[in-house]
Amino acid sequence: MDQCVTVERELEKVLHKFSGYGQLCERGLEELIDYTGGLKHEILQSHGQDAELSGTLSLVLTQCCKRIKDTVQKLASDHKDIHSSVSRVGKAIDKNFDSDISSVGIDGCWQADSQRLLNEVMVEHFFRQGMLDVAEELCQESGLSVDPSQKEPFVELNRILEALKVRVLRPALEWAVSNREMLIAQNSSLEFKLHRLYFISLLMGGTTNQREALQYAKNFQPFALNHQKDIQVLMGSLVYLRQGIENSPYVHLLDANQWADICDIFTRDACALLGLSVESPLSVSFSAGCVALPALINIKAVIEQRQCTGVWNQKDELPIEVDLGKKCWYHSIFACPILRQQTTDNNPPMKLVCGHIISRDALNKMFNGSK
Amino acid sequence: MAVQESAAQLSMTLKVQEYPTLKVPYETLNKRFRAAQKNIDRETSHVTMVVAELEKTLSSCPAVDSVVSLLDGVVEKLSVLKRKAVESIQAEDESAKLCKRRIEHLKEHSSDQPAAASMWKRKRMDRMMVEHLLRCGYYNTAVKLARQSGIEDLVNIEMFLTAKEVEESLERRETATCLAWCHDNKSRLRKMKDLLDPARWRMLIQQFRYDNYRLHQLGNNSVFTLTLQAGLSAIKTPQCYKEDGSSKSPDCPVCSRSLNKLAQPLPMAHCANSRLVCKISGDVMNENNPPMMLPNGYVYGYNSLLSIRQDDKVVCPRTKEVFHFSQAEKVYIM
């Protein structure tokens with residue numbers, strides 16, 4: 001944050017100077033122009049056509065010339081003075097931001113085919129985000145052919161999500177109904193939640209919707225077993241329809257967050273059903289990189305400083321651990337507590353009689369070490 | 001979002017990713033400043049010249065006619081100076097304001113509101129992707145993405161489009177555009193190369209073409225690419241590349257088809273501490289969900305074994321072997 005504040009401070013100074021200079025410049029020149037014009041007028045008025053210029057006016061004019069010269073020269077030098085403030089902005093940027101991070105890249109690791117693979121990943125990412133025309137444009141510019149089966153699920157999901165964002169529940173409900181069995185199989189209560197929200201939206205319309213709300217409540221029937229309490233609450237709220245739900249103990253039903261939440265719930269359940277990850281793999285990888293990048297750059301600088309560059313290049317492992325948070329623990333990792341290395345197929349984890357697990361190499365060392 | 005990033009973390013990342021975001025508009029500001037100074041100096045000298053002429057005339061019994069016409073000249077030159085000065089300052093001010101807008105956007109990374117913070121992160125990725133796409137030469141895609149994401153002010157599209165124009169004109173064997181570019185960037189080039197001998201401009205053109213082509217080939221060195229490589233490495237584990245594919249996780253980005261291939265030549269994550277993830281539930285195995293080993297050597301979480309237990313028996317999801325629940329032994333990882 002400090003970096004931004006430092007640069008911003010210098011920018012503010014420059015902007016201030018430009019503004020001040022601009023005003024002075026415009027006003028000063030305007031005054032000069034008026035004054036000079038006024039003098040010309042005076043001369044014309046007080047002299048005949050072929051006359052000679054009077055001594056007084058000649059003197060006044062001479063002074064005017066000096067004033068003009070001084071003013072414009074000051075204008076030029078005042079502008080020059082702003083230069084140091086401008087270059088201070090550049091220096092602040094150079095000092096607070098790293099200009100070249102290419103050292104952290106691995107030369108030549110992404111060659112021929114990688115460009116195409118990366119384009120594929122980006123296309124899929126854009127389909128996921130609902131940016132259909134960006135995806136198609138990229139396909140066109142990069143020469144990729146669009147795989148309709150790849151794009152289809154996302155097109156529909158995004159259509160439903162866009163509707164949900166403006167509180168239109170129908171498309172989501174249709175989808176939930178047609179996927180009812182699979183949703184139940186994965187313990188999803190999406191359909192009920194959608195019905196619930198629709199009911200609530202009717203409540204918000206007041207007593208005019210009373211009959212429709214009662215009618216709609218029939219949709220809760222299949223969920224009576226699993227969501228009894230919720231349904232009771234919903235039906236109970238009808239009592240307060242006349243005086244307004246917002247003035248009743250049921251005011252929490254109007255909480256706007258539920259509408260944001262239903263988008264997330266739908267996304268999660270739909271992706272689980274389709275076997276997709278919830279977040280775009282590209283987004284997750286990029287975010288992970290944002291966390292890893294500064295740490296890697298720092299360690300690279302330290303390695304170079306201490307001239308032990310061999311350390312990084314030899315292993316095909318990063319030199320440091322990067323903490324991405326528990327949500328990114330997709331796979332099990334076993335690191336031997338004794339040797340502090342990940343186990344591999346050649347060096348698998350072994351269970352001791354006491355139940356502790358160490359790597360085979362550590363086990364061998366213990367056997368050979370102690371008597 | 002899957003990856004946790006604190007405000008402090010975001011701040012550290014700013015330092016290594018955002019140099020181009022700020023430096024490019026700054027260089028434009030610098031350029032416009034120099035142009036402004038040139039304009040002001042030139043017009044000032046014009047004014048000074050006509051004033052000197054007037055002074056000369058005044059010193060030797062001037063006729064009203066000549067004085068008046070000289071005065072007209074002075075007023076005219078002053079007006080030109082005023083106009084050019086105002087225009088130049090406006091241009092400088094515009095550049096400085098663009099820099100300020102970008103800084104203000106960058107500052108928003110520390111917003112307390114989660115919605116604003118996640119919007120900022122999304123825009124960050126879009127910004128980096130736009131620059132990457134420009135480097136690859138996919139200009140239309142870049143422009144569309146910038147527009148849809150609402151980040152047109154924050155990315156350096158103009159710089160790349162200018163380069164594209166020069167390149168395309170060179171391909172048509174036209175040199176005018178490139179020469180104009182050289183002239184435009186004369187003073188910076190002068191500092192860089194020390195050659196502005198007119199005879200050398202052919203070499204300069206070739207140099208531009210080489211640099212520009214290199215810029216495109218170096219598409220794989222965009223900030224986006226470097227960030228992505230670092231991220232893939234940080235996630236990559238040996239499990240993502242097991243031959244029988246038994247350990248793939250549907251949520252793991254590196255296990256997904258194209259990223260799996262891309263991540264292959266990259267280093268793996270470094271993990272000094274163990275973490276076990278239950279294959280059945282995806283939950284972490286720890287003191288709340290102790291790891292249990294079946295006689296066949298596979299380890300699952302206690303809670304998961306409870307959930308798949310039927311008639312006191314469990315079926316190993318990997319091998320389908322049937323065991324007694326009591327055969328599962330607690331194991332300890334440190």
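**Chains A and B: what the definitions decide**

Author: In this model, 126 residues of chain A are in contact with 132 residues of chain B. Contact is defined as heavy atoms within 4.5 Å. The model is predicted: local features need pLDDT of at least 70, side-chain atom pairs count only at pLDDT 80 or more, and totals for chains, interfaces and linings use all residues. Residues are numbered from 1 along each chain as its sequence is written, chains are lettered from A in the order written, and side-chain values use heavy atoms, without hydrogens and water.

Reader: What area is buried between chain A and chain B?

Author: About 12,300 Å², with carbon and sulfur atoms giving 69%. Buried area is the accessible area (1.4 Å probe) that two parts lose on being put together, summed over both. Trp110(A), Phe286(A) and His331(A) supply 7% of the area that chain A buries against chain B, more than any other three residues.

Reader: Why is the pair Glu137(A) and Lys144(B) called a salt bridge?

Author: The rule asks for a side-chain nitrogen of Lys or Arg within 4 Å of a carboxyl oxygen of Asp or Glu. Here the N to O distance is 2.7 Å. The pair therefore meets the rule.

Reader: What makes Lys40(A) and Asp72(B) a link between two chains?

Author: Their closest N and O atoms are 2.6 Å apart, in a salt bridge. Lys40(A) lies in helix H1 of chain A and Asp72(B) in helix H3 (residues 64-107) of chain B, so two chains are joined. Helices here are DSSP runs (H or I, at least four residues), and strands are runs of E, at least two; both are numbered from the N terminus.

Reader: How many salt bridges are counted between chain A and chain B?

Author: The count is 9. Over all chains it comes to 33.

Reader: How do you know that the length of helix H4 of chain B agrees with expectation?

Author: The expected span is 1.5 Å times one less than the number of residues. For the 23 residues of H4 (residues 114-136) of chain B, that gives 33 Å; the end C-alpha atoms are 33 Å apart, so the two agree. Just after H4(B), Gly137(B) takes a positive phi of about 95°.
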